[in-house]
Amino acid sequence: MTRTVAQVIVDGLADLGVGRVFGVVGDALNPLTDAIRTTEGIDWTGFRHEEAAAFAAGARAQLSGELAVCMGTVGPGSVHLLNGLYDAAKSGAPVLAICGQVPLSEVGGDYFQEVDNDLLFRDVAVYRATVTSPSQMPRLLESAVRAAVTGRGVAVLTVPGDLGDREVEEDRPTRFALPRPAVTRPDDPALAEAAEAIARGSRVTLLVGRGAREAREEVLRAAELLAAPMVLTLKGKEGFEDGNPYEVGQTGLIGNPAAAHAMDSCDTLIMLGTDFPYRDWYPEDCRVVQIDTREEHLGRRVPVDVGLAGDVGATLRALLPLLTPVPSRSHLDKARERYADWQKGQADLADPAHDRRLLGRVRAMFDNRDSDVRPEALAAAVDRHAADDAIFTSDTGMATVWLSRLVRMRGTRRLIGSYNLGSMANAMPQAIGAQLWAPGRQVVAFCGDGGLGMLLGDLMTIRSERLPVKLVVFDNRRLGMVKLEQEQAGLPEFGTVLDNPDFAAVAEALGLTGIRVTAPGELDEAVRKALAVPGPVLLDVLTNPDEVAVPGKPTVSQGWGFAIAKIKENLPSGAR
């Protein structure tokens, strides 16, 4: 029996093991969604907004390492995919977006809802093609899938509305011929050069990122041999926080003084699988050795003395026998001592009883007069009660700060967020994608109130799919990160106040379990209950809007700007 263009696409995706497609139905997609309806081995998850569908697909691709698929129909439906696809692209997630288009005979005539998809997705996609004839199938599908998988990015295949149900005369099975990822390492002279550069140092620090996750054993051996403190990127938390005697947390604005000291005081920095983008946080006047699978990343952020293009694990296995042990552990010990002191301070802040003690009462007079829950306490409570195999997502902004500082990636926990694009509103839709990928695991989304409000409609998707996602809302009635940015620059906060509803009541109205916390004494039991209740839960916690996340090495200008901002905020409006 001859198949249609739509059926060829759906059969090919099912054979590839895609399993699920995310999107919003309608119009040019009707032949495709009908083919999904009648095909075993592949299911459809309907969203309320295409952006959320794209975020969910990107999350699935990041967690599984395999192709994920989303769909958007003609014009606005495809445009709405764009932000989520940018996030997938910048996260290196293989995603195929199938987009609708006006009838082929109307293309180029400014038809109703017509958008040039090939132009629209030019910047975000590694591959773009529009099907103009049934005879192009399944070739264009094969090309799109290969591009997304091998390029670790987004491919966009556009199907005009009058082509999806047309028959493919010269039909054949799809043959994707996806290659296995190559494991490479540099040649021996390059390794010897790196070993010689490292041997000249006595204070070595490792900066470890996502690209080193599969090389945990080799990275720990290097840290031991070189007596090196290990600074982690946010994406490096997963895989390197559990049982690691060399770890000193993160650097950058979300980091801590110990990590900043480990970076600034080293004479040799070894970057392993990271393209950490914040150049102000790199040390000056030190040797840099970088190992990365992508050659174009070498030296992109900071000048390197030796750049090694290759798999981190394979490269370290060849490099370790060439390294000279560092006899003194003072550099490592100092960094670890500072880290332990900082962690103790964080634990004190995270104690719900903090503001009832003398020093806490004094501090609260300045920064928590309404006795709201401190966000550190909320993050720490979630860390205590969440499963050791939980999957965490976090909204960009202050929710990510508290997660990075208080939630440990122990056991087999996973972590994703919009950590390259930095979009708002990613945590909830990414949690949907994560839960559909791993229905038996606990999925916890750290949501900012601003982010949740932006895509609030897809709470209905969670209900419709009966997903046991746990949404933890840091409800500080603010765009918190923007507020902090304004105040550090000496500006009074403006435009950041949010007139929020009772999010727990909204959740209840939509068929989810809603729990609201308004006082510190209620927190621990509420978190325990939220994570234990079967089915979807929204935990709305009123957190302190004036909580300040002090960076690892605060500057005088930041402190002065914050003081000026607070003075301006407390002046009468006419005197500002």
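I looked up F446 and found a relative accessibility of 0%, so F446 counts as buried (under 20% relative accessible area with a 1.4 Å probe and protein chains only; over 50% is exposed, and in between is partly exposed). The model is a predicted one, in which local features need pLDDT of at least 70 and side-chain atom pairs count only at pLDDT 80 or more, while totals for chains, interfaces and linings use all residues. Residues are numbered from 1 along each chain as its sequence is written, and side-chain values use heavy atoms, without hydrogens and water.

I then turned to the aromatic pairs and noted six in the structure (ring centres of Phe, Tyr or the six-membered ring of Trp within 6.5 Å; planes under 30 degrees apart are stacked, over 60 edge-to-face, the rest tilted). The rings of F22 and F47 lie 5.8 Å apart at their centres with planes at 85 degrees, so I recorded the pair as edge-to-face. F22 sits in strand β1 (residues 20-23) and F47 in the loop between β2 (43-46) and α3 (50-64), 25 residues apart (strands are DSSP E runs of at least two residues, helices H or I runs of at least four, numbered from the N terminus). I found both F22 and F47 buried.

F446 pairs edge-to-face with F392, at 6.1 Å centre to centre and 75 degrees between the planes. I placed F392 in strand β13 (residues 391-394) and F446 in strand β15 (residues 443-448), 54 residues apart. F392 also counts as buried, at 0% relative accessibility.

T543 is buried at 2% relative accessible area.
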